[in-house]
Amino acid sequence: MASLRKKNYRKIKRVGWVGSLITTLLFMVVITTFFALAVVGFIRYALDTKISNEYEKIKYMAEIYDSSADGDDIYSYLDLSGRDYMITDSDNNVLHTTGKNTCSFEGDTVSISSVAKSVLVYEDKAESFVYPSDGNISLRKKEFFEMLSETENESEENIIEEDGVFLDDEAMREAEETLKAPVWISIDVKGGKEKLVAKAYYRINKDDLFLIGMIIISVVIFILVMFVIMVIKIVRNIAKQRKLMKLYFTDDITGRKNRAWYLLKGEQILRRLTSRKKKFAVVSLTFSNYRNYCICHSMKKGEEMLCKIHELIDETLDKKEISAHMSYSSFALLLEFEVEHILKNRLEVLIERLEHLDSNHKFDFQVGVCVVDRILDENGKVRRRKDIEIEKEYNSASMARESVGDSDESHLIFFNDALVEERLWIDTVQDNQKKALENEEFAVYYQPKYDPRTNELKGAEALVRWISPEFGFVSPGRIIPIFEKNGFITEIDHYMLTHVARDQKKWLDQGFKCVPVSVNVSRAHFIENDLAEQIRDAVDKEGAPHELVEIELTESAFFDDKKQLIETISKLRDYGFSVSMDDFGSGYSSLNSLKDMPLDVLKLDAEFFRGDNQNERGEIVVSEAIKLAKSLNMRTVAEGVEIKEQVDFLAKEGCDMIQGFYYAKPMPRDEFEQSFKKQ
Ligand code: C2E
Ligand code: CA
Ligand code: CA
């Protein structure tokens, strides 16, 4: 989940300018290269054609020179061309020069496509703005532009200077509007023994320049337009990204920060935590009345309440602290603190303020806190930053919050190792419960009930024990609450009922004088309409008489649907089972329940006989409870009786049975059998 969240966040981030910048840049690079190549190609082609004219003329000179015989005054004839030229041998040693010899003898063979020839071309030493290389002719940029600015003044003068028999009218006209770039063309003569190297000019007229200029301007404009488009796109994308981010991190109920933001931002804050003094508290806070509030008012009002809660939480935050609406009625906070009791105080004040958010109601808030110290691992080493996951800390805080169980009342719990152990135990039990039931690892223990007046065995209660090959002897206090929560209690109760019925049948068959045994039936069963039938069938299957089985209902069962409960109790009694109210006096509505429930037995809660409750008032209450039971035609059982004085007192008051350590502790089946035998 965490990685998916980060992936989503990265996706939104990518919507920004980086992506469009890269694509636009790439696009621009491709287009610019394409245009640049096209322009360079065009210029080269233009230069290429421009020199072909000159080449033809120099070639003509070469042909004249070639056809001359020794002794001819060939130089004075060639001089008529008005061109600077040289005759060299094949090693470039000059044999004759006319004009200024500024040839560098550095150059290359270039192919002049218009005449389909490869020609040796040298740079001019004085004005080297045309250079032949790689089989092409190029203009040096800097010099070319300098030349452009100078051309207008010089061209006319140059043309006159260069005027000669080889310059025709058309060339003249052209030259008038031309800027020139000198280059030396070398042509082999006399069978390759000599060379005619003559100065030639690229003559670029204004039309050519205009075309080249237009092309360059178009490319520049194109790139500028692209740049503007790119900037607009980036700006729009940044705005879009901001909007998306805001949406992604805004809670759709409270309009403030949401879970995604908390986990991302919180993790960043925690990963920066290096100070020894500073600690952070990851807080999980739940508004427990939310569901009821929505039912009693409306969803809208409920959500308004969540907004107010979030607003108040935010009001109490310091600069570096954050909060978020996580889900449903849960909020998360990340608080900074130095001393734990001050943090506790602060949170208590917050709960107090939240509880009184609405003057007409008192709300409840459950808060779990997980302290994040300078992030040390189990071995005391500083944890690697990337190992810190706020989700884990939040989970621990939530676990602490939930550890109180079903309580809806406000509470504040700090996460600790015992809670982890508790959680591990719950998981272990849940993982093993089914297998343990199948392997009959649950043992039925019997705690006898005695008549205090005669000390006679009158009954027993069946109590479960888990004798696990792995965990040893496990008392019900460690498993029953877990089973009650996860619903497995119904299976346990059925298992106990079946085993008790089976034992009773066996003892009867063995000729023992059996006593009624009570089994506990948890509140969780009462959602089943046919509970009475199920109990009857289970007992019948084992063949035990109904009067030897008693059903104990805990007080909490009496909170549920009264009508259905009365119906079930009546049916059970019709079938011949006794029904008792367990733990009478431990809750607050038992007296009221007595009024309507047709019960057989009242079990006085062990709390009446615990510790220094041995006072007069306590005795009055017990005495009156026994009387009340008698008036309602109920038998009484006193639970948790440990001392003789209590036994004597209960005997005097007419209590029918005592189930307590004074007589016996819960014992395994075999031991309980001995009690029969003793009788
Ligand atoms: P309970 O039904 O109230 O059972 C009586 C508990 O009080 C038993 O604890 C018993 O050992 C204890 N007790 C009896 N006499 C004395 C005494 O003189 N002094 C003291 N200190 N304790 C005494 P146990 O067996 O640990 O069972 C605890 C609770 O677990 C039971 O309370 C019952 O609520 C639940 N439980 C046990 N077995 C089952 C079962 O099979 N099904 C259901 N639903 N609940 C069960
Ligand atoms: Ca009981
Ligand atoms: Ca009890």
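On conventions, residues are numbered from 1 along each chain as its sequence is written, while chains are lettered from A and ligands numbered from 1 in the order in which they are written. Since this is a predicted model, local features need pLDDT of at least 70, side-chain atom pairs count only at pLDDT 80 or more, and totals for chains, interfaces and linings use all residues, with side-chain values taken over heavy atoms and hydrogens and water left out.

Let me begin with confidence, for which pLDDT is the predictor's own figure for each residue, from 0 to 100. The chain has a mean pLDDT of 85, and 86% of its residues reach 70 or more. Over residues 151-168, however, the pLDDT is below 50, although beyond near neighbours in sequence this stretch has 27 contacts in the model, a contact being heavy atoms within 4.5 Å. Where pLDDT is low, the predicted coordinates should not be read in detail.

As for the fold, there are 20 helices and 23 strands, both being DSSP runs numbered from the N terminus, helices of H or I with at least four residues and strands of E with at least two. Of the 679 residues in the chain, 46% are buried, where buried means under 20% relative accessible area, exposed over 50%, and partly exposed in between, using a 1.4 Å probe and protein chains only. Among contacts with a separation of 6 or more, 67% are between residues 24 or more positions apart.

Now to the metals, where donors are N, O and S atoms within 2.8 Å of the metal, or 3.2 Å for Na, K and Ca, and where sites may look incomplete because water is not among the atoms. Which residues hold the calcium ion (ligand 2)? Its protein donors are Glu461 (OE), Asn520 (OD1), Glu552 (OE) and Asp582 (OD), at 2.2 to 2.3 Å. Glu461 belongs to strand β15 (residues 456-468) and Glu552 to strand β18 (residues 549-553), so this pair ties together parts that are 91 residues apart in sequence. Both of these glutamates, Glu461 and Glu552, are buried.

Asp582 bridges ligand 3 and ligand 2, two calcium ions that lie 3.9 Å apart. Asp582 counts as buried at 5% relative accessibility, whereas Asp583, at 21%, counts as partly exposed.

Turning to the interior, a nonpolar core here is a set of buried Ala, Val, Leu, Ile, Met, Phe, Trp, Tyr and Cys residues joined through side-chain atoms within 4.5 Å. The largest such core has 76 residues, and those touching the most other members include Phe442, Ile551 and Leu604. Helix α14 (residues 489-509) gives the most to this core, with eight residues. Apart from it lies another core, of 32 residues, among them Ile58, Leu78, Val110 and Leu196. Leaving aside neighbours within four places in sequence, Leu604 is in contact with residues including Phe584, Val622 and Glu639.

Finally, helix α12 (residues 417-438) packs against helix α13 (residues 476-486) at an angle of about 70 degrees, with their axes 10 Å apart. Among the residues making this contact are Trp425 and Ile426 of α12, with Ile482 and Phe483 of α13.

Key. Axes fitted to C-alpha atoms, helices over the stretch in contact; angles between N-to-C directions.
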